[in-house]
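Please read this briefing alongside the sequence and the coordinates.

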Amino acid sequence: MPIFEVESWLVADGKEEEHGEAMSRWLRWVNEHRELFPEWRSVRYFVKTIAGEESERHLIIWEYDSLAAFEAYKASRGDYQGPYAEYKENDPYHKGVFNHQSMKVEVWKDLERSLWIE
């Protein structure tokens with residue numbers, strides 16, 4: 001059963017431009033190195049709008065085939081050794097552009113997928 005890792009955050013004050021550049025750079029880097037992420041079925045990036053005080057909350061959703069795939073990815077990435085050292089260098093999380101106090105990480109599972117409209 002697929003699961004979704006959902007991470008959200010607000011941009012650090014005064015870092016909007018740097019944040020946008022860092023996110024674009026990260027997404028391009030990930031696309032160029034897909035072999036490092038076979039467990040990722042998809043990655044989607046959003047920003048909330050028209051949401052009151054939650055407006056401008058950024059959100060990434062990683063889709064995995066299963067909880068086992070999620071756990072396998074976390075284990076292989078580990079503490080960013082080997083090829084994942086370069087990943088860490090490109091990860092906006094480590095660039096001072098996130099308000100880390102605003103971060104939320106959740107894992108979701110889908111329901112009634114056969115009835116989804118896609």
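The model is a predicted one, and its protein chain has 3 helices and 4 strands, which run β-α-β-β-α-α-β from the N terminus on. Along the principal axes, the C-alpha trace of the protein chain spans about 40 × 40 × 25 Å. Of the 118 residues of the chain, 36% count as buried, and among contacts with a separation of 6 or more, 69% are between residues 24 or more positions apart.

**Aromatic side chains**

- The structure holds 17 aromatic pairs, and one of them joins Phe-37 and Trp-40, whose ring centres are 4.1 Å apart with the planes at 20°, so this pair is stacked.
- Both partners of that pair are buried: Phe-37 has a relative accessibility of 0%, and Trp-40 has a relative accessible area of 2%.
- Tyr-93 and Phe-98 form a pair with an edge-to-face arrangement, in which the centres are 6.3 Å apart and the angle between the planes is 85°.
- One aromatic cluster is formed by Trp-26, Trp-29, Phe-37, Trp-40, Trp-62, Tyr-64, Phe-70, Tyr-73, Tyr-80, Tyr-84 and Tyr-87.

**The largest nonpolar core**

- The largest nonpolar core has 22 residues, and those that touch the most other members are Trp-26, Val-30, Phe-37, Trp-40, Tyr-64, Tyr-73 and Tyr-87.
- At least two residues of this core come from each of strand S1 (3-11), helix H1 (16-32), strand S3 (58-64), helix H2 (67-77), helix H3 (84-90) and strand S4 (98-109).
- Helix H1 supplies the largest share of the core, with 5 residues.
- As general background, nonpolar side chains in soluble globular proteins tend to be buried together.
- If residues up to four places away in sequence are not counted, Trp-26 touches Trp-40, Val-43, Ile-60, Trp-62, Tyr-87, Asn-90, Asp-91 and Pro-92.

**Salt bridges**

- The structure holds 7 salt bridges, including one between Arg-41 and Asp-65, in which the closest N and O atoms are 2.5 Å apart.
- Glu-54 takes part in a salt bridge with Lys-48, at 3.5 Å from N to O, and in another with Arg-57, at 2.8 Å from N to O.
- Within this second group, Glu-54 is partly exposed with a relative accessible area of 24%, and Lys-48 is likewise partly exposed at 39%, while Arg-57 counts as buried because its relative accessibility is 7%.

**His-33 in its loop**

- His-33 is placed in the loop between H1 and S2, and its relative accessibility of 17% means that it counts as buried, given that the cut-off for a buried residue is under 20% relative accessible area.
- A polar atom of the His-33 side chain lies 2.8 Å from the backbone oxygen of Trp-29.

**Helix H2**

- The buried residues of helix H2 are Ala-69, Phe-70, Tyr-73 and Arg-77.
- Viewed down the axis of H2, these buried residues fall within an arc of 105°, so they line one face of the helix.
- The elements against which the buried residues of H2 pack are S1, S2, S3, H3 and S4.
- Helix H2 is followed by Gly-78, which has a positive phi, near 45°.

Note on methods
Residues numbered from 1 in each chain as written. Predicted model: local features only at pLDDT ≥ 70, side-chain atom pairs only at ≥ 80, totals over all residues. Heavy atoms only, no water. Phe/Tyr/Trp six-rings, centres within 6.5 Å; stacked < 30°, edge-to-face > 60°. Buried < 20%, exposed > 50% of the residue type's maximum accessible area, 1.4 Å probe, protein only. Core = buried A, V, L, I, M, F, W, Y, C linked by side-chain atoms within 4.5 Å. Contact = heavy atoms within 4.5 Å. Salt bridge = Lys/Arg side-chain N within 4 Å of Asp/Glu carboxyl O. Polar contact = N/O pair within 3.5 Å; in protein donor to acceptor, adjacent residues only side chain to side chain. Arc of directions from axis to C-beta.
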